[in-house]
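Please keep the sequence and the structure in view while reading.

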Amino acid sequence: RTVILGAEFQNLVQGDLSIAEYCRRLKSLATELGEVRACITDQTLTLQLIRGLSRKFHVMATLLPM
């Protein structure tokens with residue numbers, strides 16, 4: 001279960017999801033990983049969120065890590 005959730009977390013991209021739904025899904029996966037003792041740090045969650053944003057958020061994805 002941990003491996004499957006970890007892979008899903010690492011491979012999640014926004015695609016056609018709204019930004020709100022994308023964030024909810026990413027947070028949900030992070031929570032599920034925490035429940036199986038594979039905690040995701042806030043930094044990892046933030047970096048994954050930025051990495052998976054669609055191209056229309058390219059400017060924000062560039063600015064957010066700063």
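## The loop between α2 and α3

Arg37 lies in the loop that joins α2 to α3. The model is a predicted one. Arg37 has a relative accessible area of 79%, and because a value over 50% counts as exposed, Arg37 is classed as exposed. The phi angle of Arg37 is near 65°, which is a positive value in a residue other than glycine.

Ile40 belongs to the loop between α2 and α3 as well. With a relative accessible area of 26%, Ile40 is partly exposed. Apart from neighbours within four places in sequence, the contacts of Ile40 are Phe9, Ala30, Leu33 and Leu45. Between Ile40 and Asn11 there is a separation of 29 residues in sequence, and their C-alpha atoms are 15 Å apart in space.

## Helices α1 and α2

How do α1 and α2 lie relative to each other? Helix α1 covers residues 2-11 and helix α2 covers residues 19-35; they pack at an angle of about 155°, and their axes are 10 Å apart. Because of this angle, α1 is roughly antiparallel to α2. Their crossing is left-handed.

On the α1 side, the residues that take part are Thr2, Leu5, Gly6, Glu8 and Phe9, and they meet Arg25, Leu26, Leu29, Ala30, Glu32 and Leu33 on the α2 side. Sorted by class, this contact of α1 with α2 contains six nonpolar, two polar and three charged residues.

Helix α3 comprises residues 42-51, and Leu45, Gln48 and Ile50 are buried in it.

The axes of α1 and α3 come within 9 Å of each other and cross at roughly 50°. The two helices are therefore oblique to each other. In this contact, Phe9, Gln10 and Asn11 of α1 meet Thr44, Leu45, Gln48 and Arg51 of α3. The classes here are two nonpolar, four polar and one charged.

Helix α3 also packs with α2, at an angle of about 145° and with the axes 11 Å apart. In this case α2 passes α3 in a right-handed crossing. From α2, the residues Tyr22, Cys23, Leu26, Lys27 and Ala30 meet Leu45, Gln48 and Leu49 from α3. By class, the residues of this contact are six nonpolar, one polar and one charged.

Why does Gln48 count as buried? The relative accessibility of Gln48 is 8%, and because the cut-off for a buried residue is under 20%, Gln48 falls in that class. Gln48 is located in helix α3.

Which backbone atom does the side chain of Gln48 reach? The side chain of Gln48 reaches the backbone oxygen of Gln10, at 3.2 Å. Not counting residues up to four places away in sequence, Gln48 touches Phe9, Gln10, Asn11, Leu12, Tyr22 and Leu26.

## Two buried residues in loops

Gln14 sits in the loop between α1 and α2. With a relative accessibility of 2%, Gln14 counts as buried. The side chain of Gln14 reaches the backbone nitrogen of Ser54 at 3.0 Å. When neighbours within four places in sequence are set aside, Gln14 is in contact with Ile19, Tyr22, Gly52, Leu53, Ser54 and Phe57.

Gly52, one of the contacts of Gln14, is found in the loop between α3 and α4. Gly52 is buried, as its relative accessible area is 3%. Not counting residues up to four places away in sequence, Gly52 touches Leu12, Val13, Gln14 and Tyr22. Gly52 and Tyr22 are 30 residues apart along the chain, and their C-alpha atoms are separated by 8.9 Å.

Notes. Residues are numbered from 1 along each chain as its sequence is written. This is a predicted model: local features need pLDDT of at least 70, side-chain atom pairs count only at pLDDT 80 or more; totals for chains, interfaces and linings use all residues. Side-chain values use heavy atoms; hydrogens and water are left out. Axes are lines fitted to C-alpha atoms, for helices over the stretch in contact, and angles run from 0 to 180 degrees between N-to-C directions. Helices (H or I, at least four residues) and strands (E, at least two) are DSSP runs, numbered from the N terminus. Angles under 35 degrees count as roughly parallel, over 145 as roughly antiparallel, 65 to 115 as roughly perpendicular and the rest as oblique. A crossing is left-handed if the near helix is turned anticlockwise from the far one by less than a right angle, and right-handed if clockwise. Contact means heavy atoms within 4.5 Å. Ala, Val, Leu, Ile, Met, Phe, Trp, Tyr, Cys and Pro count as nonpolar, Asp, Glu, Lys and Arg as charged, and the others, Gly among them, as polar. Buried means under 20% relative accessible area, exposed over 50%, partly exposed in between (1.4 Å probe, protein chains only). A polar contact is a pair of N or O atoms within 3.5 Å; within protein, one must be able to donate a hydrogen and the other to accept it, and residues adjacent in sequence count only if both atoms are side-chain atoms.
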